[in-house]
Every structure is written in structure tokens, then in C-alpha cells.
Amino acid sequence: MREIIFDTETTGLDSRDDRVIELGGVELVNRFPTGRTFHHYINPQGRAIHAEAQAVHGISAADLQGKPTFAEIAEEWLAFIDGAKLVAHNATFDVGFLNVEFGRLGHPVIDNGLVVDTLALARRKHPMGPNSLDALCRRYGIDNTRRTKHGALLDSELLAEVYIELIGGKQAALVLDSATAPAQGRENVRQIEITISQRPAPLPARLTEAERDAHAGMVAALGEKALWLKVAAG
């Protein structure tokens with residue numbers, strides 16, 4: 001199973017008027033990082049960057065001078081995600097922006113059936129929150145100290161670790177190099193080292209003492225012939 005964990009940065013919050021200015025993605029195969037990534041800064045073609053957005057991602061108009069337009073990187077991105085599920089945090093935002101960009105080029109929109117929203121997963125698993133990417137990194141002991149600003153590739157790398165925890169916490173210390181990772185043949189799809197580290201401390205038990213006591217009381221009330229006691233002892 002192939003999945004692309006991805007993120008965008010934009011000029012603002014309105015997908016109908018604002019533009020994508022950074023796009024990054026990380027490839028997982030069978031829930032393990034392969035080391036293949038995608039990353040581009042994108043020229044918004046004259047669309048101004050809102051001050052509030054720039055405060056979040058730190059990307060200025062000057063940073064985007066000479067960068068390719070979305071039209072110039074679209075086919076490369078489509079080749080990178082071809083056949084994969086797409087995983088994003090608050091996916092409605094990122095997919096909405098990409099669909100508008102694709103619409104300008106006459107490309108079909110992204111099939112929602114291929115999209116996994118980690119924010120929705122996190123809200124189901126941790127209904128009391130908080131469920132921001134930073135909060136989930138703290139919850140799962142993932143080092144996010146490099147994240148002084150939002151960035152599409154860095155956020156994708158962090159989200160890949162969070163996603164693995166959300167779907168079951170498969171632990172690995174996996175580093176792939178160019179000898180083992182599949183070749184892409186494009187200069188902006190590069191090989192990097194990704195390590196999914198062990199948690200510094202075990203996660204706290206989900207059962208409270210009150211819940212444990214209530215369960216023990218329920219079992220005691222079943223009587224000596226209760227099937228539950230045989231299973232527990234067996």
C-alpha cells in the first residue's frame with residue numbers, strides 16, 4: 001500500500017482567491033517511509049501573501065521570485081502521487097487549494113475517496129484534544145523542535161510519524177538510502193533519511209482507577225461460575 005503524506009502553504013485562507021506557494025510530500029509504502037520526498041516552492045503569479053499567512057510560514061514574495069508556477073510543477077506532483085492514498089492534517093484545506101489549482105489547469109479534482117484526514121482521525125482517537133500537529137507531536141513524543149515555522153516538507157515528515165502513531169503506533173528505526181529506495185529520476189524528488197524513533201516514555205494508561213475498580217466490581221458480581229473468570233485465568 002502506497003501513501004503520500006503531504007502539506008501545502010498558501011498566500012492566505014481563501015482557496016478561491018489565494019494560491020499555493022509551497023507543496024511537500026513524503027512517501028510511505030506499507031506504512032514505512034521509503035525516503036522519497038517531493039518539495040517545491042511555487043510562484044503565486046502576483047498574488048500577494050497575507051501578513052497573517054506569512055507570520056505562520058515565514059515565506060515572503062521575495063523568496064518566491066524565480067520559482068516555478070503551479071502549472072510548471074503540476075505534472076511532476078501528479079506523477080509522484082499517482083496510485084497512492086493522500087494523507088493530510090485538516091485535509092479539506094489542502095485538498096481544496098489543490099483542486100482549485102488543478103481546476104485552473106483543466107485537471108480533474110482529487111478523488112475524496114483517496115484522502116485520509118489525520119485531524120479527523122485524531123479527533124476520534126483523542127476527542128478532548130488538542131489535536132494540532134504540534135500537540136500530537138507532544139502527545140506521541142515526536143521531536144518537533146525544528147518546527148519554528150510551518151513548512152510543507154517538514155510538516156509532512158512530522159505528520160508521517162504522527163500518522164503512524166494514530167493508526168496503531170508501529171515503531172521502527174528505518175533508514176533507507178538510494179540503494180534501496182526506488183529511483184524517481186526527477187531532481188526535486190530526493191532521497192532523505194527518516195527515522196521513526198522510540199517513544200521516550202510509555203504512553204499513560206487509558207483506564208482510570210475508577211474504571212478499573214468498576215470493572216473489578218462487575219467481575220466479582222458475576223459469581224464463581226462466570227465464563228469471564230475462566231477466560232481471565234486461562
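## Two crossing helices

This is a predicted model. In it, helix α4 covers residues 118-125 and helix α6 covers residues 152-166. Their axes come within 11 Å and cross at roughly 40°. The crossing of the two helices is left-handed.

The residues that meet can be named on each side. From α4 they are Thr118, Leu121, Ala122 and Lys125. From α6 they are Leu159, Tyr163, Glu165 and Leu166. Sorted by class, this contact has five nonpolar residues, one polar residue and two charged residues. An α-helix has 3.6 residues a turn, so residues three or four places apart point the same way.

Gly58 lies in the loop that runs between α1 (51-57) and α2 (70-81). With a relative accessible area of 37%, Gly58 is partly exposed.

If neighbours within four places in sequence are left aside, Gly58 is in contact with Ala53, Asp63 and Lys149. Gly58 can also be compared with Thr148: the two are 90 residues apart in sequence, while their C-alpha atoms are 9.5 Å apart in space.

## Helix α7 and what follows

Helix α7 is made of 13 residues, 209-221. From its first C-alpha to its last, α7 reaches 18 Å, close to the 18 Å expected at 1.5 Å a residue. After α7 comes Gly223, which has a positive phi, near 90°.

Technical notes: Residues are numbered from 1 along each chain as its sequence is written. This is a predicted model: local features need pLDDT of at least 70, side-chain atom pairs count only at pLDDT 80 or more; totals for chains, interfaces and linings use all residues. Side-chain values use heavy atoms; hydrogens and water are left out. Helices (H or I, at least four residues) and strands (E, at least two) are DSSP runs, numbered from the N terminus. The expected span of a helix is 1.5 Å times one less than its number of residues. Axes are lines fitted to C-alpha atoms, for helices over the stretch in contact, and angles run from 0 to 180 degrees between N-to-C directions. A crossing is left-handed if the near helix is turned anticlockwise from the far one by less than a right angle, and right-handed if clockwise. Contact means heavy atoms within 4.5 Å. Ala, Val, Leu, Ile, Met, Phe, Trp, Tyr, Cys and Pro count as nonpolar, Asp, Glu, Lys and Arg as charged, and the others, Gly among them, as polar. Buried means under 20% relative accessible area, exposed over 50%, partly exposed in between (1.4 Å probe, protein chains only).
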